[in-house]
Amino acid sequence: MRRLAFAAALGASLLVGPAIAQESQETPPLPKLEWPFEGVFGAFDRGSAQRGFQVYNEVCANCHALRLLTYGDLGPSGPGGGLGFGLDEVKAVAAAKQVPDTNDQGEPITRPATPADHFVPPFPNEKAARAANNGALPPDLSLIVKARAGGPDYVYAILTGYKEPPPGMKMGEGMNYNEYFPGHQIAMPPPLSDNSVTYADGTSATVDQESYDLVNFLAWAAEPTLEERHRTGIKTILFLLVLTGILYAGKRRIWAAVH
Amino acid sequence: MAESGHAQAVGSQEGGTRRDFLILTVSALGAVGAGALAVPFISSMQPARDTLAAGAPVDIDISHIQPGQQIVVLWRSRPIFITHRTEDELKTLQSPQDISQLRDPDSKALQQPEYAKNWHRSIKPEFLVLVGICTHLGCIPGFDPRPGGDLGPSWLGGYFCPCHGSRYDLAGRVFVGVPAPLNLPVPPYNFVSDTVVRIGENPPGSNFDLNSVEQL
Amino acid sequence: MDAPRKQSKVIRWIDERLPIFAFVDHELNAYPTPRNLSYWWNFGSLAGFMLVTMIATGIFLAMQYTPHVDFAFDSVERIMRDVNWGWLMRYIHMNGASFFFIVTYIHVFRGLYYGSYKYPRELLWMLGVVILLLMMATAFMGYVLPWGQMSFWGATVITNLFSAIPIVGNDIVTWLWGGFAVGNPTLNRFYSLHYLLPFLIVGVVMLHLLALHQHGSNNPLGIDRKGPQDSIPFHPYYTIKDMFGLGVFLIVYAAFVFFMPNALGDPENYIPANPLQTPPEIVPEWYFLPYYAILRSVPDIWLLVFTIPSKLAGVLCLFGSIGVLFVVPWLDTSPVRSSRFRPVYRWFFWVLVIDAFALGAVGAHRPDAVIGGISYLSIGRVGTLYYFFHFLVLLPLLGKIERPRPLPASISAAVLKSVPPAASGKMEHA
């Protein structure tokens with residue numbers, strides 16, 4: 001009796017689920033991929049993430065900022081041990097960008113970036129970004145994987161979801177049809193095509209591969225301490241299981257007198 | 001009656017020692033858990049990754065410093081004096097008149113890396129690198145290289161701290177009879193080229209840590 | 001219990017001047033507690049544990065957080081990325097709010113089911129409602145601090161509610177904001193108050209425990225203890241049981257903190273606040289959803305001569321939904337405490353539970369959204385009506401007309417089953 005009521009209550013709580021997930025009555029369900037960082041033992045695939053960084057750096061960085069990271073974060077002193085790049089690679093990546101600074105006379109100059117600098121944004125401010133992008137503001141990508149319902153699956157779906165609009169659909173000016181974007185009209189044109197980048201390790205750079213690698217990179221960028229979190233979690237829960245087991249034994253023993 | 005009955009029922013079991021074992025195990029595990037829990041909290045107060053990164057070595061171009069001139073740069077939020085000493089100034093460093101005024105002329109106290117433990121307290125004699133914080137109470141001493149003047153006929157040039165009158169010579173060595181107890185510290189530094197000095201990094205073969213000095 | 005402990009000289013010296021050891025011994029060790037408490041009685045201590053956890057993590061987070069609109073979001077991300085173990089403290093604190101509410105809600109529903117609010121525990125109950133209110137205020141302000149989209153817009157929507165107050169409403173809102181909209185002054189005062197309120201909660205918790213210890217805990221049978229055979233000392237029985245319960249709780253808590261730390265949150269809050277762009281859905285955190293549903297269900301109310309516009313009516317019902325909790329001890333007329341012996345009421349209790357979940361679901365959706373052909377707004381209206389009906393009509397009425405089951409003679413009698421049932425009808429198992 002009571003159990004039934006309880007079950008009904010839990011069933012009602014399931015109504016909450018679909019609401020908090022994406023409110024997309026029209027968009028199809030997201031394709032679900034297996035990401036290497038998901039799950040209790042999840043960890044970043046650094047090979048893939050490094051390729052993804054190359055995609056970001058060569059393609060996305062032209063419009064999208066990554067301001068929460070410094071170049072040094074990619075290297076050995078980065079959070080969670082970085083992305084696996086060596087210090088020299090990191091310096092080279094940084095030095096390829098220019099940062100505003102002042103000289104000894106106090107005049108504004110630009111200088112090459114160092115590992116201590118945050119990723120140089122493509123536009124100096126929001127107005128410039130909008131002016132260059134048809135009024136739309138390309139969002140910063142530092143947290144994009146955590147800032148969208150569906151997370152990595154959503155970002156992957158957007159990247160691979162560009163299609164021809166269905167017959168009869170009127171597209172807004174400058175808009176592009178995307179299967180998974182709410183409302184189906186996205187201001188960003190398809191950012192990736194086959195061989196947009198040439199991977200240093202020779203992996204074939206299809207759109208799917210580039211998207212997969214890019215999402216792996218962005219997932220790392222959003223939460224570089226994920227692996228430490230998983231490791232600590234496993235130790236903590238194992239410890240708690242042992243401790244709770246002993247406490248249960250203790251409870252039973254102590255209460256044996258009363259029962 | 002019934003309550004003490006409980007006590008007897010529980011205590012008089014042969015499981016008395018077993019219960020002690022249980023208490024011991026739980027206490028031990030609990031202590032381990034509590035200790036492990038305290039670590040992240042205490043550790044979070046240590047300098048964060050970005051703070052440590054901001055303390056990385058800085059490269060300074062010294063090619064523009066004229067002889068007799070000093071520049072001040074910041075490293076780890078501390079003022080660093082880089083002084084280009086003249087030949088005459090270097091001569092005073094070994095003169096009896098200078099040495100007789102000093103508390104620790106041979107730099108016996110650990111206030112400098114081993115590669116600066118010499119009569120000029122530096123790698124290259126003509127360039128002096130010091131942490132510009134008075135070893136008395138932390139003011140920044142002023143640079144006063146001209147002999148004589150307000151500081152009297154025996155003043156050969158050096159540093160004068162305005163707060164309480166401590167004096168140091170042109171190698172940062174402290175005078176006798178002033179409040180400051182120790183020579184000005186020398187930070188780790190290295191010449192990466194003839195014109196660029198890197199503050200915060202030792203030359204190859206040395207691993208001097210500034211925190212090892214007697215007093216900053 | 002152990003044989004009387006040999007009191008060390010130090011302990012006796014201290015106790016003579018400040019009787020803390022005697023106090024602990026009296027209130028924690030020897031303190032007589034009903035012997036039949038179920039695991040539903042663990043949730044009070046769990047709530048106390050969560051309060052301590054939130055304060056501890058909060059203090060360390062406050063060492064690294066910057067309460068300024070230009071820096072707040074980034075300071076939180078710095079905690080996540082650069083501060084040693086910062087991600088752990090943030091996730092413990094963030095999920096801790098949810099778990100604090102989970103254990104507190106269960107604790108409250110336990111009180112409702114077993115009549116723990118009835119004489120002589122009315123004040124104990126009311127103090128509890130005060131704690132709940134303080135928790136809600138603290139959580140609301142805390143959620144603003146990361147200065148994400150939901151932080152800003154949630155603050156805007158909820159503070160705007162006060163403008164519904166006639167005549168002085170707009171002035172009150174301006175005063176709350178410290179400006180013309182939610183902004184830096186608002187953030188700073190919320191930070192100050194968010195730091196303060198938990199210590200007020202600590203104070204009220206102490207009063208709550210003081211009130212509890214006057215008469216001791218209620219129990220699943222709802223009958224008073226008749227003698228020492230009905231009690232057992234708190235230590236070691238309930239200390240070990242509470243510790244075990246804590247262990248189980250921590251496993252669930254850790255599962256969220258370490259493996260699904262954002263499951264209970266809103267992704268929108270990982271976007272920095274933008275006063276010029278409203279998110280597609282403004283949704284509060286899950287623990288506020290039922291109240292949010294009530295707020296949005298209420299239409300204009302026509303009262304004889306005048307109309308209460310729906311916004312004000314919604315606000316009144318929102319605060320009314322908590323206000324009604326205060327007077328539960330007087331609304332409930334049943335002579336019997338525990339729903340175990342209230343065959344009719346116990347069904348309605350579970351309806352209330354389902355109602356709470358349903359209202360939560362409603363709060364998460366847009367009012368015009370539809371499920372199975374019915375709009376969430378309609379469900380919300382029914383749910384709100386039932387909520388107030390339950391407290392304002394059912395509780396007073398049922399107590400008078402329901403025929404309770406016969407109560408056992410005493411706690412120990414029921415537990416030991418040494419006395420045959422007093423009358424016909426099944427005896428519920430302990």
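View 1. Where pLDDT is low, the predicted coordinates should not be read in detail. For the complex, the predictor gives an ipTM of 0.90 and a pTM of 0.89. Residues are numbered from 1 along each chain as its sequence is written, while chains are lettered from A and ligands numbered from 1 in the order in which they are written. Local features need pLDDT of at least 70 and side-chain atom pairs count only at pLDDT 80 or more, whereas totals for chains, interfaces and linings use all residues, and side-chain values use heavy atoms, with hydrogens and water left out.

**View 2. The interface of chain C and chain A.** Here 50 residues of chain C are in contact with 48 residues of chain A, and the two chains bury about 4,400 Å² between them, 73% of it on carbon and sulfur atoms; buried area is the accessible area (1.4 Å probe) that two parts lose on being put together, summed over both. Of the area that chain C buries against chain A, 17% is supplied by R81(C), F259(C) and W350(C), more than by any other three residues. Eleven residue pairs are in polar contact between chain C and chain A, both residues being at pLDDT 80 or more; a polar contact is a pair of N or O atoms within 3.5 Å, where, within protein, one must be able to donate a hydrogen and the other to accept it, and residues adjacent in sequence count only if both atoms are side-chain atoms. On the side of chain C that touches chain A, two or more residues come from each of α4 (72–81), α5 (86–114), α10 (234–259) and α14 (345–364) of chain C, with helices (H or I, at least four residues) and strands (E, at least two) taken as DSSP runs numbered from the N terminus. The most is given by α10(C), with 16 residues. This side of chain C divides into 38 nonpolar, four polar and eight charged residues, where Ala, Val, Leu, Ile, Met, Phe, Trp, Tyr, Cys and Pro count as nonpolar, Asp, Glu, Lys and Arg as charged, and the others, Gly among them, as polar.

**View 3. The salt bridge between chain C and chain A.** One salt bridge is found across the interface of chain C and chain A, the term standing for a side-chain nitrogen of Lys or Arg within 4 Å of a carboxyl oxygen of Asp or Glu. R67(A) forms a salt bridge with D74(C), and the closest N and O atoms are 3.0 Å apart.

**View 4. The interface of chain B and chain A.** This contact takes 13 residues from chain B and 13 residues from chain A, and the two chains bury about 1,200 Å² between them, 73% of it on carbon and sulfur atoms. L22(B), L29(B) and R49(B) account for 44% of the area that chain B buries against chain A, more than any other three residues. R49(B) also forms a salt bridge with D73(A), in which the closest N and O atoms are 2.9 Å apart. On the side of chain B that touches chain A, α1 (2–11) and α2 (16–44) of chain B each supply at least two residues, and α2(B) gives the most, with eight residues. The pLDDT stays under 50 over residues 1–11 of chain B, although the mean for chain B is 89 and 93% of its residues reach 70 or more.

View 5. Q98(A) has P112(A) as its bridge partner in β2(A). Five residues lie between β1(A) and β2(A) in the hairpin, and G106(A) in the turn has a positive phi of about 85 degrees.

**View 6. Cis peptide bonds in chain C.** The peptide bond from Y119(C) to P120(C) is cis, with omega near 0 degrees, and P120(C) is placed in the loop between α5 and α6 (122–144) of chain C. The bond from H235(C) to P236(C) is likewise cis, with omega near 5 degrees, but P236(C) is found in helix α10 of chain C.

Key. Contact means heavy atoms within 4.5 Å. Two strands pair if DSSP finds at least two bridges between them. pLDDT is the predictor's confidence in each residue, from 0 to 100.
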